[in-house]
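Let us walk through this structure step by step, beginning with the place where two chains meet and then turning to the parts that make them up. Please keep the picture in view as you read.

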Amino acid sequence: MDYKPTILTGGDTRSDDQIMAAHERRNVRRVSGPGLPGSDGKGEPLVIMELLQRLRVKDVMRDHDIISVVRTDTMHFAQNLMKRNHISGVPVVEGSRLFGIVSINDIIMALEGGWIGDPCQKHMATNLVVLEEDMPLAFALKYFENYIFGRFPVLNKERDLVGIVSQRDVTRVLMRELTKELARLEGTPGGAQPEAKSEGALPYYSMRQFVVVRNDLSNAGKAANEIKKMLSEAGVGKKTIRRIAVAAYELEINVCIHSLGGSITFILDSHKATVIAKDKGPGIKDVEWALRDGTSTANDWIRSMGFGAGMGLSNSKRVADVFDIKSAVPTGTTVLCEFNLDAPSAVRTA
Amino acid sequence: MNTTDIVKTLDGTLVAGGESDRTVGTVVANDLMSDVLLNDGDDILLLTSLASDQAIRTANIVGAMCVVVHNAKPLPQTMCQVADTLGIPLVSSPLSKYESCVRIHAFLEAEAGA
């Protein structure tokens with residue numbers, strides 16, 4: 001009578017060799033992933049950081065079948081719509097213009113107050129927090145962290161409503177992209193820089209983060225110099241290097257002299273370079289004012305060091321292909337500068 | 001105009017960074033580093049009164065070929081170290097920045113006319 005290891009295999013009728021091979025396959029999978037806390041303990045945060053910068057809000061938002069009401073619809077109609085679709089809020093729109101949002105809280109208030117038969121325009125929230133479709137996903141995550149809302153309307157540059165993004169949408173796309181990224185990393189030895197780095201070729205991506213200490217001017221500029229070196233080694237063209245280095249340097253100096261301290265993050269991939277300056281406060285009261293040439297809150301000490309001319313932010317904006325700034329008092333400021341590396345002039349030819 | 005010419009013309013001393021074969025493409029005379037960063041010229045000769053590490057770091061960002069500090073200002077040791085590390089010639093001159101501008105202009109005019 002043939003021996004079948006039923007206890008070990010749960011009634012498996014495969015041969016011992018087949019079972020052992022399956023065990024080995026399982027073991028191989030366990031060693032190399034797919035769990036995110038993976039093999040070298042360094043690559044995963046880079047992957048996530050890169051994804052959060054690369055992906056835009058428009059990549060995760062739902063842009064079709066947006067469930068909405070018009071201003072003259074009743075609160076009762078909005079309530080039924082939410083109930084039917086298992087959602088906690090509906091935008092109030094006319095064409096593509098967003099007028100407000102009716103949330104589940106507004107419905108509860110309407111039921112309690114007896115105005116559930118009123119038109120939505122009377123009770124909708126009009127002081128709205130919205131996302132823009134070109135914002136990096138990192139900003140969307142920050143919004144979900146900072147506000148209690150479970151979903152945000154997404155507007156384009158013309159301020160039209162183009163989609164809705166919920167935490168669920170973000171998770172869904174992030175999981176999909178992370179899976180792709182991990183499959184790519186696992187498929188190639190070496191992980192973080194999988195493409196062979198030929199002379200003059202850009203690496204797939206790399207990321208560095210530099211801490212910037214408040215008022216430590218003797219060290220300010222080191223991050224920008226390192227970034228310049230990295231770009232040069234990656235074969236980026238001289239003029240592009242200079243633009244990126246200028247932005248990195250200005251932002252680094254800004255964090256050093258105007259904030260309580262923070263960091264400069266630099267991400268480089270085959271298509272773009274991204275510099276992100278993030279500080280711990282005190283934030284900028286009037287961002288538009290701060291972006292104007294020659295406006296500065298610098299003191300004499302800063303000026304004696306050659307800075308404080310009020311050109312930092314405008315200089316960074318001038319050299320970047322994409323510039324974004326978000327600031328809140330007193331939590332801090334985040335500035336993002338992106339540089340397109342796809343243009344022929346962005347790659348060194350000699 | 002190379003580093004040797006700059007030192008000679010400005011009665012200066014090369015204090016750090018070493019000699020360089022590079023020649024002057026653009027002359028920038030400024031003490032505000034953000035203004036220097038605004039300049040798009042190549043092979044910048046930076047004439048400044050700012051005796052700090054940041055003058056050298058800024059020079060490196062814009063790819064400057066030489067930095068001259070004026071009025072015989074004492075140069076911090078760290079400034080010289082940064083210049084050595086980044087390989088940017090650092091010259092100390094007893095002249096005022098204005099006088100330096102005049103002399104360099106005359107030199108470049110003569111060089112162009114030669």
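The contact between the two chains draws on 19 residues from chain A and 18 residues from chain B, and it should be kept in mind throughout that this is a predicted model. On the side of chain A that touches chain B, the elements giving two or more residues are helix H10 (222–233), helix H11 (238–258) and helix H14 (312–319) of chain A. Of these, H11(A) supplies the largest share, namely five residues. If the residues on this side of chain A are sorted by class, ten are nonpolar, six are polar and three are charged.

Several residues of H10(A) are buried, among them Ala223(A), Asn225(A), Lys228(A) and Leu231(A). Just after this helix, Gly235(A) takes a positive phi of about 85°.

Elsewhere in chain A, how do H5(A) and H6(A) lie relative to each other? The axes of helix H5 (residues 75–85) and helix H6 (residues 104–113) of chain A come within 10 Å and cross at roughly 130°. Angles over 145 degrees would count as roughly antiparallel and those from 65 to 115 as roughly perpendicular, and H5(A) and H6(A) are therefore oblique to each other. Their crossing is left-handed. Met75(A), Ala78(A), Gln79(A) and Met82(A) of H5(A) meet Ile104(A), Ile107(A) and Ala110(A) of H6(A), so that, by class, this contact has six nonpolar residues, one polar residue and no charged ones.

Most residues other than glycine have a negative phi, and most peptide bonds are trans. His86(A), in the loop between H5 and strand S1 (89–94) of chain A, has a phi near 55°, which is a positive value in a residue other than glycine. Is His86(A) buried or exposed? His86(A) counts as exposed, because there are 6 C-beta neighbours inside 10 Å and the exposed class takes residues with 12 or fewer.

Two peptide bonds in chain A are described here as cis: the one from Gly281(A) to Pro282(A), with omega near 10°, and the one from Val329(A) to Pro330(A), with omega near 5°. Pro282(A) is placed in the loop between strand S8 (272–279) and helix H12 (287–291) of chain A, whereas Pro330(A) is found in the loop between strand S9 (322–328) and strand S10 (332–340) of chain A.

We can now turn to chain B, which has five helices and five strands. From the N terminus on, its elements run α-β-β-α-β-α-β-α-β-α. Of the 114 residues in chain B, 42% are buried, and among its contacts between residues at least 6 apart in sequence, 53% join residues at least 24 apart. Ala72(B), in the loop between strand S4 (66–69) and helix H4 (77–86) of chain B, has a phi near 50°, again a positive value in a residue other than glycine. Ala72(B) is partly exposed, because 13 other C-beta atoms lie within 10 Å.

Note on methods:
Residues numbered from 1 in each chain as written. Chains lettered and ligands numbered in written order. Predicted model: local features only at pLDDT ≥ 70, side-chain atom pairs only at ≥ 80, totals over all residues. Contact = placed C-beta atoms within 7 Å. Helix = DSSP H or I, 4+ residues; strand = E, 2+ residues; numbered from the N terminus. Buried ≥ 20, exposed ≤ 12 C-beta atoms within 10 Å, placed from the backbone. Axes fitted to C-alpha atoms, helices over the stretch in contact; angles between N-to-C directions. Parallel < 35°, antiparallel > 145°, perpendicular 65-115°, else oblique. Left-handed = near helix turned anticlockwise from the far one by under 90°.
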